[in-house]
Amino acid sequence: MPKIVFVCREGSDEPRVAASPESVKRLTGLGLSVVIESGAGLASGVRDADFEATGARIAGAGEVGSADIILRVNRPTAAEMVSYKAGAVVFAVMDPYGNEAALAGMAKAGLTTFAMELMPRITRAQSMDVLSSQANLAGYRAVIDASHEYGRAMPMMMTAAGTVPAAKVFVMGAGVAGLQAIATARRLGAVVSATDVRPAAKEQVASLGAKFIAVEDEEFKAAETAAGYAKPMSEAYQAKQAALVAEHIAKQDIVITTALIPGRPAPKLVTRAMLASMKPGSVAVDLAVERGGNIEGSEKGKVADVEGVTVIGYANVAGRIAASASALYARNLFAFIETMVDKGTKEFAVNLEDELVKATMLTHGGQVMHPNFAAAALADETPVAAPAPAAISIKEPAAAKPVRARKKPVADEAASNGDL
């Protein structure tokens with residue numbers, strides 16, 4: 001009997017959906033039976049009939065209890081998990097950092113859960129990289145939102161009445177979101193500059209036609225790990241860089257910040273004094289507002305006036321382009337699920353020795369499996385009931401070892417800029 005995949009309708013504050021008509025067609029092609037919760041795709045411009053046309057069945061929320069595999073955009077709440085059967089496999093953006101109690105709750109519910117944002121950045125997993133697919137759209141949308149609030153034209157315009165100067169845009173962070181912001185601002189005709197603490201970013205920024213701004217001393221030249229991620233910089237370097245940035249920001253019309261390290265508060269990059277130095281009518285966009293923000297005075301979910309600058313702090317920026325974001329996220333999910341389906345037998349099975357599974361699995365068999373979050377098992381002293389039989393086949397490692405909780409959770413090293 002084919003495994004049942006249930007695609008949930010998200011809450012009112014999340015317009016994205018974890019499937020698209022394209023992904024439904026491809027999932028059914030793998031031998032899976034796809035059920036879509038009624039209305040799940042409406043906020044992303046996908047009608048129930050569109051899903052039905054590609055092989056899905058539409059059902060109410062109550063049918064999630066029969067699902068073997070559950071696809072979501074965001075981590076399920078405790079109330080939602082009550083309806084899930086033990087042994088079900090859940091794929092979502094789990095936001096595990098600082099949410100240890102929620103992870104413990106998923107373990108106690110007997111769920112096998114995968115955090116899509118923990119997907120390793122290796123060649124094999126490029127098509128599954130949720131952070132990149134969503135950050136790309138966030139970088140694009142940041143420029144569109146900034147241009148909407150900016151009271152002037154973006155490109156230089158030469159008219160009979162005189163010349164309109166091009167807007168000056170400064171992007172702080174040249175990761176995935178930052179590079180897309182640079183490219184979008186350039187396409188709109190702005191004069192663009194950017195900064196990043198990683199030396200490799202200089203060439204990437206230049207390739208998009210933007211000017212690179214940084215204190216390029218010896219510390220800067222060694223500010224990157226072998227994996228291409230940013231290293232923490234010394235206080236002395238940070239002070240020099242801040243002085244250079246402050247001088248540069250005073251000349252800009254639009255500033256977009258993208259610096260974020262998963263599991264840590266967002267670094268403050270733009271102070272009120274820097275904002276006060278900008279021209280009246282200037283705009284700043286904080287893409288890290290959900291982790292405390294890069295801009296002093298930014299407010300989550302709001303457009304605020306800070307020192308005369310319009311500071312945009314929209315949450316879930318990728319969700320502001322829900323149709324595109326959902327389509328890309330659905331492809332990420334399919335690419336990962338496809339690795340777990342045998343092409344010959346069409347059987348779905350989780351291989352605990354697979355490097356992608358090891359990197360993304362949070363809970364399984366009543367335990368928190370991921371070593372970075374094993375301390376979550378200690379978040380609640382309530383005894384865990386013996387797990388029910390798994391809803392899917394699990395390929396256990398030859399000699400599985402129990403996961404030991406670390407004394408302190410170790411945050412995954414990630415690029416400090418643009419990985420939103």
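1. Overall content. The structure is a predicted model. Its secondary structure comes to 12 helices and 19 strands. The chain has 420 residues, and buried residues make up 49% of them. Of the contacts with a separation of 6 or more, 67% are between residues 24 or more positions apart.

2. The eight-stranded sheet. Eight strands form an open sheet with mixed pairing, in the order β3-β2-β1-β4-β5-β6-β17-β18. Strands β3 (57-59) and β18 (367-368) stand at its edges; each has a single partner strand, so one side of each is left without a neighbour in the sheet.

3. Pairing of β1 with β4. Strand β1 (residues 4-7) runs parallel to strand β4 (residues 69-74), and three bridges join them. Within this pair, Phe6 has Ile70 of β4 as its bridge partner.

4. Strand β5 and its two partners. On one side, β5 pairs with β4 in the parallel sense over four bridges, and Asn74 stands opposite Val93 in β5. The pairing of β5 with β6 is also parallel and also has four bridges; here Val90 stands opposite Thr113 in β6. Four of the five residues of β5 are buried, so this strand is largely enclosed by the rest of the structure.

5. A helix over this sheet. Helix α11 (residues 322-338) lies across β4, β5 (89-93) and β6 (112-115). The direction of α11 makes an angle of about 140° with that of β5.

6. The buried side of helix α4. In helix α4 (residues 100-108), the buried residues are Leu103, Ala104, Met106 and Ala107. They cover an arc of only 160° around the axis, and therefore lie on the same side of α4. In general, an α-helix has 3.6 residues a turn, so residues three or four places apart point the same way. The elements against which the buried residues of α4 pack are α3 (78-81), β6, β17 (361-364) and β18. After α4 comes Gly110, which has a positive phi, near 75°.

7. Glu37 belongs to strand β2 (residues 33-37). What is the nearest side chain of opposite charge to Glu37? That side chain is Arg9, which is 5.8 Å away. Glu37 is buried yet has no salt bridge; the cut-off for a salt bridge is 4 Å between a side-chain nitrogen of Lys or Arg and a carboxyl oxygen of Asp or Glu. With neighbours within four places in sequence left aside, the residues in contact with Glu37 are Phe6, Val7, Cys8, Arg9, Asp48, Ala59, Gly60 and Ala61.

8. The seven-stranded sheet. A further open sheet has seven strands in the order β11-β10-β9-β12-β13-β15-β14, and its pairing is mixed. Which strands stand at the edges? They are β11 (211-212) and β14 (303-306), each with a single partner strand, so one side of each is left without a neighbour in the sheet.

9. Strand β14 runs antiparallel to strand β15 (residues 309-312), to which four bridges join it. Asp305 has Thr310 of β15 as its bridge partner.

10. Helix α9 (residues 235-249) lies across β9 (168-172), β10 (191-195) and β12 (254-257). Relative to β9, helix α9 runs at about 155°.

Terms used: Residues are numbered from 1 along each chain as its sequence is written. This is a predicted model: local features need pLDDT of at least 70, side-chain atom pairs count only at pLDDT 80 or more; totals for chains, interfaces and linings use all residues. Side-chain values use heavy atoms; hydrogens and water are left out. Two strands pair if DSSP finds at least two bridges between them. Helices (H or I, at least four residues) and strands (E, at least two) are DSSP runs, numbered from the N terminus. Contact means heavy atoms within 4.5 Å. Axes are lines fitted to C-alpha atoms, for helices over the stretch in contact, and angles run from 0 to 180 degrees between N-to-C directions. Buried means under 20% relative accessible area, exposed over 50%, partly exposed in between (1.4 Å probe, protein chains only). The arc is that of the directions from the helix axis to the C-beta atoms. Lys and Arg count as positive and Asp and Glu as negative; His and the chain ends are not counted.
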